[in-house]
Amino acid sequence: MAISLQKGGNISLSKTTPNLKNVLIGLGWDARSTSGDDFDLDASVFMVGSNGKVRSDSDFVFYNQLRSTCGSVEHTGDNRTGDGDGDDESVKVALDKVPSAIERLVVAVTIHDAQSRNQNFGMVRGAYIRLVNIDTNDEIVRFDLTEDASVETAMIFGEVYRYNTEWKFRAVGQGYAGGLHALATAHGINVQ
Amino acid sequence: MAISLQKGGNISLSKSAPGMKKMIVGLGWDVRSTDGDGFDLDASAFLLNNTGKVQNDAGFIFYNQAKSADGSVQHTGDNRTGDGEGDDESIVIELDKVPAEIEKISVCVTIHEAEARRQNFGMVSSAYVRCVNAEGNAEVARFDLSEDASVETAMIFGEIYRHNGEWKFKAIGQGFAGGLGPLAKNFGVNV
């Protein structure tokens, strides 16, 4: 059975799912039922080293760069409304192909055009992150973002990280009011 | 090299660090990079008698009462953000000056205003607590708070206690979700 994490909590993926190789990180949210511009949430992954920064811009996987150079992290495509059942966006990770210099995969979600549409996470319902074992289709862990993150427009939903010889997952749920720009800069991306 | 203790494990300080007079309990964490209230972790120590309680409120050493009456236990000052390298807060314990009626010193870490700020140790990056021999700086024990106490807001790191004429240290690593209030009451401090 899937484990539900509280904000700040962590689990060992290596212990709960021995021999886990391919993970799907699924992100979901509810489509807007009220009037106005749709909520367009975008998933992205920062592959960072022990200093918490990317090695280069190619370690940032998002809708405009769907695959890392090493091929271990792959974004499956942009969903612009949250429409439909199940995960709205997802990222596939081949854990055993992640370069050893990468310590953490920071999974973030940003609201597209948040500023011009005057939107933030406090307006979005049903937002969650979950990890699924691709080889068995079993859900391993889930984190519901129940807390109102009202002012933020970019949030770190969770992180997959190395700890000793294991892979672990932590529910983070912390964000930046400055959106994708603030998020990317914090992880060492050069933003023009 | 530091002896890595499992929760519940204990070592004899008198044997592993013979002649150790001064032990430092160091607490460290990283400054928050995300938005929101800063993480303010506080170290504290409870000087306990053979009933497991403080003799009076003077036996509770924390940021507002930085030194025990006899001077054997001293908090070196409050850091409110985790800024700077190395340990962000520390408590210095002079073992040979601890009054004979004190059987045990419980060292704890709490998150300031954790409930109002909706914070826990798992949200803080690189949070740890450790024991160091002040002479030579050898590490005696360490817990990674972000990993081992992720959803807690107050943790008993460990206890330094007398056992057959020796000082020993036991790694506790157990916490209270309610923070400093229930922790202090547990040791007989009037909150």
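Let's start with a pair of facing residues: A:Tyr161 stands opposite A:Lys168 in β12(A). The strands here (E, at least two residues) and the helices (H or I, at least four residues) are DSSP runs, numbered from the N terminus. Strand β12 covers residues 166–176 of chain A, and nine bridges join β11(A) to it, with the two running antiparallel. Two strands pair if DSSP finds at least two bridges between them.

Before going further, a word on what you're looking at. This is a predicted model, where local features need pLDDT of at least 70, side-chain atom pairs count only at pLDDT 80 or more, and totals for chains, interfaces and linings use all residues. Residues are numbered from 1 along each chain as its sequence is written, while chains are lettered from A and ligands numbered from 1 in the order in which they are written.

Back to β11(A). In its hairpin with β12(A), two residues sit between the strands, and A:Asn164 takes a positive phi near 55°.

Chain A has another run of paired strands to trace. Strand β3 (residues 22–28) pairs with strand β9 (residues 128–133) in the antiparallel sense over six bridges, and A:Gly26 stands opposite A:Arg130. From β9(A), six bridges lead on to strand β10 (residues 138–144), also antiparallel, and there A:Tyr128 faces A:Asp144. The hairpin of β9(A) and β10(A) has four residues between the strands, and A:Asn137 in the turn has a positive phi of about 65°.

Why do those positive values deserve a mention? Most residues other than glycine have a negative phi. Another example is A:Asp113, with a positive phi of about 55° although it is not a glycine. A:Asp113 is found in the loop between β8 and α2 (114–117) of chain A, and it counts as partly exposed because it has 13 C-beta neighbours inside 10 Å. In chain B, B:Glu113 has a positive phi too, near 50°. This residue lies in the loop between β7 (104–111) and α2 of chain B, and with 14 other C-beta atoms within 10 Å, B:Glu113 is partly exposed.

Now for the sheet in chain B. Six strands make an open sheet in the order β1-β11-β10-β7-β3-β4, with antiparallel pairing. At the edges stand β1 (10–12) and β4 (60–61), each with a single partner strand, so one side of each is left without a neighbour in the sheet. Within the sheet, β10 (residues 154–163) and β11 (residues 166–176) of chain B pair over nine bridges, and B:Arg162 stands opposite B:Trp167.

Finally, how do the chains meet? The contact takes 12 residues from chain B and 15 residues from chain A, where two residues are in contact if their C-beta atoms, placed from the backbone, lie within 7 Å.

Key: A residue is buried if 20 or more other C-beta atoms lie within 10 Å of its own, exposed if 12 or fewer, and partly exposed in between; C-beta atoms are placed from the backbone.
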